[in-house]
Amino acid sequence: MNLSLISTFPAPLRLTLFILLLLGLWLPLAVPIYVLGNDPNTVSIITLLLLYVEFILLVRWWGKSIYSQPRMLQRYGLFVNSQAVWLFLSGLSWGCLSLLSLFALEALLGWLTWYPNSQLFPQVILEGLAIAFGVGFAEELFFRGWLLDELLRDYSPVWAAWVCSGIYAIAHFIKPVAEIIRTWPQFPGLILLGLILVRAKFVIGSFSKKTAVFTGNLGLPIGLHGGLVWGYYIISVGGKVEYSGRVPDWVVGIDQNPLAGLMGLMFLSAIAILIRKLSPNRNLTNSF
């Protein structure tokens with residue numbers, strides 16, 4: 001079979017084939033673990049790790065067999081060098097401090113009170129950092145790495161960015177209809193966050209004359225995404241948050257989720273403006 005023919009398929013078909021292949025490899029191993037496992041948390045961790053290991057292996061095979069490109073992870077923007085580390089640390093600190101500043105401002109305005117748990121605080125910081133790195137790495141490699149690259153092969157940079165961000169937002173709404181309706185204000189925040197992370201990928205990159213592809217760097221979006229997760233984990237797990245009720249939930253965020261509130265959207269908009277100013281003047285990021 002000439003697998004390279006798959007590269008000529010339209011993007012929706014290629015994406016569907018990849019996901020079906022990934023699930024076909026994962027389910028035969030994951031189902032027995034779910035059936036035989038006793039601890040739900042352990043089962044979830046093991047199956048998710050298994051899924052992501054298979055995803056990385058499949059991506060490498062996909063690049064070699066479908067596109068004749070053996071270094072797909074680098075094409076996606078995943079590098080292990082001093083520049084990537086610096087971008088990651090910058091994004092991590094930026095994201096975490098931005099979210100903590102949002103909660104600090106709301107506390108200053110008298111909208112909430114935070115009661116930190118000093119005994120658990122060091123442990124929470126370390127746990128949150130580990131979770132932040134895992135979530136940031138996994139979601140960015142999948143959405144701003146593999147998914148965005150597949151979309152850019154068929155669509156303009158602007159369309160690819162919006163479609164990628166839309167799929168990213170929809171993926172977070174796989175839940176009961178009642179919950180979707182109740183938490184719908186979170187959707188615009190997820191779209192905006194997705195666009196910010198796409199742009200963050202291309203703040204620094206390189207252009208290949210051989211492939212005519214501008215390769216970004218996932219260091220900054222992984223760090224920025226992880227920093228937001230880290231800051232939220234510190235606040236939500238490292239203490240108790242009580243809202244005063246002076247403003248409605250749509251201002252501070254439904255279920256204490258900043259993405260589902262006006263204040264969170266304002267802070268994300270400020271981050272988007274800063275990222276836009278840092279971005280190079282390239283067609284890939286000019287229009288969003």
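Arg144 lies in helix α5, which spans residues 121-152. The model in which this residue is placed is a predicted one. Arg144 has a relative accessibility of 0% and therefore counts as buried, the limit for that class being under 20%. The side chain of Arg144 is joined to that of Glu140 by a polar contact of 2.7 Å. Beyond its neighbours within four places in sequence, Arg144 is in contact with a set of residues that includes Tyr76, Glu139, Cys164, Tyr168 and Gly194. Leu197, Val198, Lys201, Leu218 and His225 are also among the contacts of Arg144.

A glycine of helix α5 may be considered next. Gly136 lies in this helix, and it is classed as buried because its relative accessibility is 0%. When residues up to four places away in sequence are not counted, Gly136 touches Ile222, His225 and Gly226.

Ser165 belongs to helix α6, a helix made up of residues 157-171. With a relative accessible area of 0%, Ser165 is buried. A polar atom of the Ser165 side chain lies 3.1 Å from the backbone nitrogen of Leu195.

The C-alpha atoms of Gly166 and Gly194 are 7.8 Å apart, while 28 residues separate the two in sequence.

The nonpolar interior comes next. Nonpolar side chains tend to be buried together in soluble globular proteins. In this model the largest nonpolar core has 60 residues, and those that touch the most other members are Phe55, Val59, Leu141 and Trp146. Helix α8, residues 186-201, gives the most to this core, with nine residues. Leu141 touches Tyr52, Phe55, Ile56, Leu73, Tyr76, Leu78, Trp146 and Leu218, with residues up to four places away in sequence not counted. A second core, separate and of five residues, includes Leu102, Val251, Val252 and Met263.

The open spaces of the model may now be described. The largest pocket holds about 780 Å³ of space. Its lining consists of 22 residues, and Leu48, Leu49, Tyr52, Gly134 and Ala138 are the closest to its centre. Helices α1 (11-36), α2 (40-66) and α5 are the elements that give two or more residues to this lining. The largest share, ten residues, comes from α5. By class, the lining of the largest pocket has 19 nonpolar, two polar and one charged residues. Tyr52, one of the residues closest to the centre of this pocket, is also touched by Leu141.

In the second largest pocket there is about 580 Å³ of space. Of the 21 residues that line this pocket, Leu228, Val229, Tyr232, Asn257 and Leu259 lie nearest its centre. Two or more lining residues come from each of α4 (82-108), α5, α8, α9 and α11 (262-278). The lining of the second largest pocket divides into 14 nonpolar, six polar and one charged residues.

A search of the whole structure finds one cavity of 30 Å³ or more, and the largest cavity contains about 30 Å³ of space. The residues that line it are Phe103, Tyr232, Ile235, Ser236, Val241, Tyr243 and Gln256. The elements giving two or more residues to this lining are α9 (219-237) and β4 (239-243), and the largest share, three residues, comes from α9. Five of the lining residues are nonpolar and two are polar, with no charged residue. Tyr232 lines this cavity and is also one of the residues nearest the centre of the second largest pocket.

Notes. Residues are numbered from 1 along each chain as its sequence is written. This is a predicted model: local features need pLDDT of at least 70, side-chain atom pairs count only at pLDDT 80 or more; totals for chains, interfaces and linings use all residues. Side-chain values use heavy atoms; hydrogens and water are left out. On a 1 Å grid over the protein atoms alone, a cavity is a set of points where a 1.4 Å probe fits but cannot get out, and a pocket is an open set with protein on both sides within 12 Å along at least five of seven lines; lining residues have an atom within 4 Å of a point. Grid points are joined across faces, edges and corners, and a volume is the space filled by probe spheres set on the points. Helices (H or I, at least four residues) and strands (E, at least two) are DSSP runs, numbered from the N terminus. Ala, Val, Leu, Ile, Met, Phe, Trp, Tyr, Cys and Pro count as nonpolar, Asp, Glu, Lys and Arg as charged, and the others, Gly among them, as polar. Buried means under 20% relative accessible area, exposed over 50%, partly exposed in between (1.4 Å probe, protein chains only). A polar contact is a pair of N or O atoms within 3.5 Å; within protein, one must be able to donate a hydrogen and the other to accept it, and residues adjacent in sequence count only if both atoms are side-chain atoms. Contact means heavy atoms within 4.5 Å. A nonpolar core is a set of buried Ala, Val, Leu, Ile, Met, Phe, Trp, Tyr and Cys residues joined through side-chain atoms within 4.5 Å.
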